[in-house]
Amino acid sequence: YTLTVNKTGTGSGTVTSSPAGIDCGATCAASFDYGTEVTLTAAAAPGSTFTGWSGGGCTGTGTCVVTVDAATSVTANFTLNTYTLTVNKTGTGSGTVTSSPAGIDCGATCAASFDYGTEVTLTAAADSDSTFAGWSGGGCSGTGTCVVTVNAATSVTANFTKVTYLVHLPLLFRNY
């Protein structure tokens, strides 16, 4: 009889069988003799989590054991992980940081969750009385945009410096 593995969810991963036959990735169905006890094992890909089985009498997140006595389908669910990207603002000045894709608008919202592997571009804009002095953290430096590939919780710091104006007043001398 045929044992078929289906994969669902936003994430990814593989399912293998013992005895061999299923290696899903590539081979998601195999025929087994009547009465064969097949153990299915799920392994999440980086950035994903295996969230459980359904079908074939399997539940939970451990291994799935199916006794093949008819054509059977089992579903493995994988969820793509999300991680928080946080922007901290430091320095004597002020400004905003925005993200593309949207989520961070710091001013008000200085942290947002993004799916694993998302490339987030942060852009800093200094207020009129300040200058943007640069990035630190998250692999960013300099004063251009900051590009972070989200693969874990990450913090980036934007440093703003207050502009100091020197006022030169001519000295007035009076001759007496």
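Tutor: Strands here are DSSP runs of E of at least two residues, numbered from the N terminus. The model is a predicted one, and the strand names below follow that numbering.

Student: Where is the place of A45, and which residues does A45 touch, not counting residues up to four places away in sequence?
Tutor: A45 sits in the loop between β5 (37-44) and β6 (48-54). Its C-alpha lies 5.6 Å from that of S12, although A45 and S12 are 33 residues apart in sequence. Once residues up to four places away in sequence are set aside, A45 touches S12 and G13.

Student: Does A45 count as buried, exposed or partly exposed?
Tutor: The term buried is kept for values under 20% relative accessible area, and exposed for values over 50%. A45 has a relative accessibility of 22%, and therefore counts as partly exposed.

Student: Which strands does β1 pair with, and in which sense does β1 run with β8?
Tutor: Strands of a sheet pair through backbone hydrogen bonds, either parallel or antiparallel. Strand β1 (residues 2-8) is joined to strand β4 (residues 29-31) by three bridges in the antiparallel sense, with L3 standing opposite A30 in β4. Strand β1 is also joined by six bridges to strand β8 (residues 72-80), where N77 is the bridge partner of T8.

Student: What is the order of the open sheet of four strands, and which are its edge strands?
Tutor: The pairing in this open sheet is mixed, and the order of its four strands is β12-β9-β16-β14. From one strand to the next the twist averages 25°. Within the sheet, β9 (residues 82-90) pairs with β12 in the antiparallel sense over five bridges, and T82 stands opposite D115 in β12. An edge strand pairs on one side only, and that describes β12 (111-115) and β14 (130-136).

Student: Why is the pair of F132 and F160 called tilted, and which parts does the pair tie together?
Tutor: The model has six aromatic pairs. For F132 and F160 the ring centres are 5.3 Å apart and the planes stand at 55°, so the pair is tilted. Both residues are buried, F132 with a relative accessible area of 14% and F160 with one of 1%. Because F132 lies in β14 and F160 in β16 (residues 154-162), the parts tied together are 28 residues apart in sequence.

Student: Which residues do ring pairs link into a cluster?
Tutor: Rings pair if their centres lie within 6.5 Å. Pairs of this kind link into one cluster the residues F50, W53 and F78.

Student: Which backbone atoms does the side chain of S17 reach?
Tutor: S17 belongs to strand β2 (residues 13-18), and S17 is buried, its relative accessible area being 12%. Beyond its neighbours within four places in sequence, S17 is in contact with I22, F32, V38, T39 and L40. The atoms reached by the side chain of S17 include the backbone oxygen of P19 at 2.8 Å and the backbone nitrogen of I22 at 2.9 Å.

Student: Which backbone oxygen does the side chain of T118 reach?
Tutor: T118 is in the loop between β12 and β13 (119-126). Leaving aside neighbours within four places in sequence, T118 is in contact with P101, V148, T149 and V150. Its side chain reaches, at 2.8 Å, the backbone oxygen of D115.

Key
Residues are numbered from 1 along each chain as its sequence is written. This is a predicted model: local features need pLDDT of at least 70, side-chain atom pairs count only at pLDDT 80 or more; totals for chains, interfaces and linings use all residues. Side-chain values use heavy atoms; hydrogens and water are left out. Two strands pair if DSSP finds at least two bridges between them. Axes are lines fitted to C-alpha atoms, for helices over the stretch in contact, and angles run from 0 to 180 degrees between N-to-C directions. Rings of Phe, Tyr and Trp (its six-membered ring) pair if their centres lie within 6.5 Å; planes under 30 degrees apart count as stacked, over 60 as edge-to-face and the rest as tilted. Buried means under 20% relative accessible area, exposed over 50%, partly exposed in between (1.4 Å probe, protein chains only). Contact means heavy atoms within 4.5 Å. A polar contact is a pair of N or O atoms within 3.5 Å; within protein, one must be able to donate a hydrogen and the other to accept it, and residues adjacent in sequence count only if both atoms are side-chain atoms.
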